[in-house]
Amino acid sequence: MRKRVFLKITAVAVLALGTSLAMAQDNLFKIGLILPMSGPFASTGKQIEAAVRLYMAQNGDTVAGKKVELILKDDTSAPDVTKRIAQELVVNDKVNVLAGFGLTPLALATAPIATQSKTPLVVMAAATSSITQASPFIVRTSFTLPQAAVGIADWAPRNGIKKVVTLVSDYGPGIDAEKFFKERFTFNGGQVSDSLRVPLRNPDFAPFLQKVRDDKPDALFVFVPSGAGAALMKQFSERGMDKAGIRLIGTGDVTDDDILNNMGDVALGVVTSHHYSASHNSPLNKKFVDAFGKANNGLRPNFMAVGGYDGMRVIYEAAKATKGGRGEALLNAMKGQIFESPRGPVFIDAQTRDVVHNIYIRKVERVNGQLWNQEFDTIKDVKDPGKAR
Ligand code: DHB
């Protein structure tokens, strides 16, 4: 008799505990943020984490009455690790959304998890055009390399650059950059005399740069991922490329704001096209750069940071619209968002789930003793040219 009563009480207690746990879960909106926080691409993780935390500090940690729980995981930039972590976040933590993705292979490896579990996945960094086609649950707030590359391919031939050698990191975004630069530059009457590809990890640029020097093009077009530009620039200078009259152009990844100010005089005059410069002249951006610096020991936000910041905006607004929802409803509320970002106007195309934004032509200049990418021309509302085919 006693035993039966005890069992009954235990059963009730267990049930109550289960219910309150479920309720606690229900009162949470969970964001699984997967980033390279260590290894060669840690600067991408550092920038995005700082931007995500800034967004939360400015906008509060509740949405639609639910507490936002941020679960940050380091994938060390290894695709199998990214995928495993995403699986754990979906199955064990039951996250509402996956976010981050510092490199193309990390996003591509995780796409099937998003599809199978119907979990929206917000790409804040990776920029190969095809990523959004890898899962109908992927939304992107970073950029695409075709978007960035065509701007400089239009600018260069109008500014005395007729013969170019391309040099790109040998993986998705580099191949996109090479292809779309070459296509547009050639269409504009330019000539690409050679196309060089360097390994993504630990590249030695020296032998490639020697080849470029011998070829004597008007300019070298470069794509290297965020963080790698400093080494490229140093070797460009050491080989005397600039002295030999070879200009450097590229997408804005090479003059990344995270490292630009330490590059020295060799960076002066480098013209690139990109969607974000920390010196973008708008009140919203000034506020963003200022608050980001204050919260992070003076760190300057780069284009990775803005991808993270805008990604949080897209997630928060979708969470509000769905009262902290998940799955397809949450995904649908991300599509079609229009807002002002620190980069300028942004639109999440509902058809492609990809970002539409301005591309700016910028030149590195010294302003008040610091190096900045100074925007001097704007190509408005650029859709990913990679989707049109
Ligand atoms: C990718 C990574 C970068 O650091 C960058 O600047 C552009 C693209 C990528 O892997 O997709």
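Visitor: Is Lys 216 buried or exposed?

Guide: Buried means under 20% relative accessible area, exposed over 50%, and partly exposed in between, with a 1.4 Å probe and protein chains only. Lys 216 has a relative accessible area of 62%, so it is exposed. This is a predicted model, in which local features need pLDDT of at least 70 and side-chain atom pairs count only at pLDDT 80 or more, while totals for chains, interfaces and linings use all residues. Residues are numbered from 1 along each chain as its sequence is written, and side-chain values use heavy atoms, with hydrogens and water left out.

Visitor: Where does Lys 216 lie, and what is its phi?

Guide: Most residues other than glycine have a negative phi. Lys 216, although not a glycine, has a positive phi of about 50 degrees, and it lies in the loop between helix 7 (206-215) and strand 9 (219-223). Helices (H or I, at least four residues) and strands (E, at least two) are DSSP runs, numbered from the N terminus.

Visitor: Which loop holds Lys 323, and is Lys 323 buried or exposed?

Guide: Lys 323 is found in the loop between helix 10 (303-321) and helix 11 (327-334), where its phi is near 55 degrees, a positive value. With a relative accessible area of 63%, Lys 323 is exposed.

Visitor: How many helices and strands are in the chain, and what share of its residues counts as buried?

Guide: The chain has 11 helices and 15 strands, and 55% of its 389 residues count as buried.
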